[in-house]
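Here is a short briefing to read alongside the model. Please keep the sequence and the structure open as you go.

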Amino acid sequence: MAKLLVLLLCSCALSLGVFIFSSIEAVLLKASRQHNSRYHHALTRNQNTGGTTPTPIGTKHVGDWPAAIVKAKAVVASMSVKDKVALATGVGREKGPCVGNTPAVPSIDYPGLCLQDSPTGVRLADFVSVFPAGINIAATFNRTMMRARGLAMGAEFKGKGVNVALGPDINIVRSPRAGRNWETFGADPYLTGEASFETVKGLQANGLQACVKHYINNEQETNRTSSSSNVDDRTTHEIYLHPFFKAIQAGVVSFMCSYNQVNGTYACENEHVLNDLLKTELGFQGYVMTDWWARLDEFGTLAVNKGLDMVMPGEVSRGGKSSYFGTALVNAVKTGQVPTSRLDDMATRILAAYYVQGQDSGDYPSVNFDSWNSSRGKHMDVQGDHKKLIRSMGAASTVLLKNDGSQLPLGNSVRSIAVVGSDAGPNPEGPNSCLGRRCNVGILALGWGSGTADFTYLIDPLSAITAKANSINATVFSSLSDADLIAAKNASSGKDVAFVFITADSGEASEGHILVEGNLGDRNDLNAWHGGNELVKAVAGENKNTVVIIHAVGAINMELWIDHPNVTAVVHAGLQGQEAGNSLVDILWGDVNPSGRLPYTIAKSPSDYSADISSGYNVDYTEGLYIDYRWFDQNNITPRFEFGYGLSYTSFSYSALAIVYLRGGLGDKSQGPIGLERSLSSWLHNDWITVTFELTNTGLVDGTEIPQLYIAPSPSSNSPPKQLRNFDSVFLRKGESTLVKMCLSRYSFAVWNSVEQRWGVPRGKYGIWVGASSRDRRLYEEIHVRGF
Ligand code: NOJ
């Protein structure tokens, strides 16, 4: 038995997913295994010590923080007040090559920092890759790919000499219209947490600093710099804080606080959010920077006492006086308004992050591009062979929503192909012609705003489909106008298959500067743009094999055509990045069997969703824990396509569910009763239960299944009907079976007790719910937990 337990315990640290780039995977799996044991060790060493103000340091660590902190403290002890302040103060917009820059401090041989967007690639630089958006990588439900994306992106940032990558964006998809949803990892905190963990691990693996953003509750663009997100403590912990916690577990070194207020106080000067939650409860040892020009008190110095460490981009002035750190902070320290110990803490955090990532080692590249004047750059090509990875990630993140009569994959016998819609073609002015992608012309492969990067190239669907068609002697008939329905019908009529492309775009509001086709960041509605519904109906009226392809930032309303009998297939491609056309062709012709799953719910009616954009000052999170599928489940609302949904060209069967308690589980009283635990308790996070089941590919082709484990809580939890607590990505050849193992910890079952400020596992009966989506249950068993 002991042997069995050890075996199960070890296996919990492993991802069993198999993917085509197997050598990368082997390396990554090893890294992941090493990480897990190190993390558990770190948690064991770092039992919570409670909170103090101002910000504590040196009490809890992840990775090599202790050594970095010791080194940083020694250096800080030798520094002048002015130099310490310099570490924390940006030089001002466009006064350095990056979107954020801190000055060199010669006295300590410190070159200053280059801080650069974005979560999809190195922004404002040439010869870089544009990766699939965050929302797409989430749709892979594949930790290995998430890690690989972070690694590849991290290599590109480092190659350009960036010190700090401003990403990932780990806010939650709360309202489907929210403008930056596409930068995030979706509507579920567990999925977002896993993506957050893997992305940070990948980005930071070779010395880059990652910066998770926007901390916290920046879940809409409307009034983002003035509104107050009002969220209760339990919801904060169980939904919105969790992904940030996972980033800390991954060793993230920096945070970006958000523009908005949280419960009436601006996030960047919110003591509860910064000092209490982040630096005390979650033991974060790195530094917190503002979002760009985020509103602070007059000089930003009060914010320092609340836990802010760095101001970006740095040159704000008020009433003719220089403000936001710099001289103002020097004076505030001199007059005792800000204690020296707090300034030392800020400087220590910033330097420790630099040291822990080894950026002082002497071989970290210096900045070789210029965001504002490309002629000043060295035009280093940092793309490596990332295009292969990007193509496979683009395909693995594509969600097949409908496939009547196995319309897809297309065989090589197809002779005539219609391609309709502007999204199928290129932007005639070039993929970068709209600054910050502030237009929706041609293939949509990114949203707009600071979450973008410049395309070195962009493969549009028409080119990729034409190349495929040429190789199988098929002819392509295209109509790239969205408005010309006659041309669309003519192109589609009598063809073996008709692809109709539709889109919906969104992005960053930038305080009203950016308006795209009347949309100010958040989408005005959930309809396809450019009359997409009419275009689909026109094509479907002509062609009985109509395949709808959606390039969109998130959910769109498809009720006007989804049940049309001629719409035989629907492919949600999301935002696939630079290889969009190739990734799509891989799916359409079955070179890659689709395995993408929706990282959010698609409703039948806009009013079915759990939350919408608030137009006023107060953004009240009244739905609490019941966001996305939790809301639909609780209120018995049938969605059009549920969270976790996606079709495959093969089929899978699930059987033989088995649940094994590890040490400290039911029947093992030696571990003591289940009590209330603080967030950093190792006991809370250690593997507790192993769930195994048999998965078989019962279809005719090889494919990847995404088994999902949800926990249906005990009624005493007062929790949503079920919540995702594990998943995997498992490749199986046709006819092949495998044993899938998933681990759960007490944290998987825990609820946040706001009165005690601890996690607890309520006593009662819990359902272990294994399925192919959040509504496709395949296996179920109940367990009884002693609880408190
Ligand atoms: C504002 C955005 O909210 C943030 O995500 C970005 O990193 C900064 N601007 C810098 O461009």
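A disulfide here is a pair of cysteine sulfur atoms within 2.5 Å. By that rule the structure holds 3 disulfides. This is a predicted model, in which local features need pLDDT of at least 70 and side-chain atom pairs count only at pLDDT 80 or more, while totals for chains, interfaces and linings use all residues. Residues are numbered from 1 along each chain as its sequence is written, and side-chain values use heavy atoms, with hydrogens and water left out.

**Disulfide**
- One of the disulfides links C98 and C114, with 2.1 Å from S to S.
- The torsion about the S-S bond of C98 and C114 is about -95 degrees, so this disulfide is left-handed.

**Ligand shell**
- The ligand is surrounded by 13 residues (a heavy atom within 4 Å), and D117, R180, K213, H214 and D291 are the closest.
- By class, this shell has 4 nonpolar, 2 polar and 7 charged residues; Ala, Val, Leu, Ile, Met, Phe, Trp, Tyr, Cys and Pro count as nonpolar, Asp, Glu, Lys and Arg as charged, and the others, Gly among them, as polar.

- With a polar contact taken as a pair of N or O atoms within 3.5 Å, D117 has a side-chain N or O atom 2.6 Å from an oxygen atom of the ligand.
- R123 places a polar side-chain atom 3.5 Å from a ligand oxygen atom, and E508 also has a polar side-chain atom 3.5 Å from an oxygen atom of the ligand.
- On its own the ligand has 300 Å² of accessible area (Shrake-Rupley method, 1.4 Å probe), and the protein covers 94% of that area.

Terms used: A polar contact is a pair of N or O atoms within 3.5 Å; within protein, one must be able to donate a hydrogen and the other to accept it, and residues adjacent in sequence count only if both atoms are side-chain atoms.
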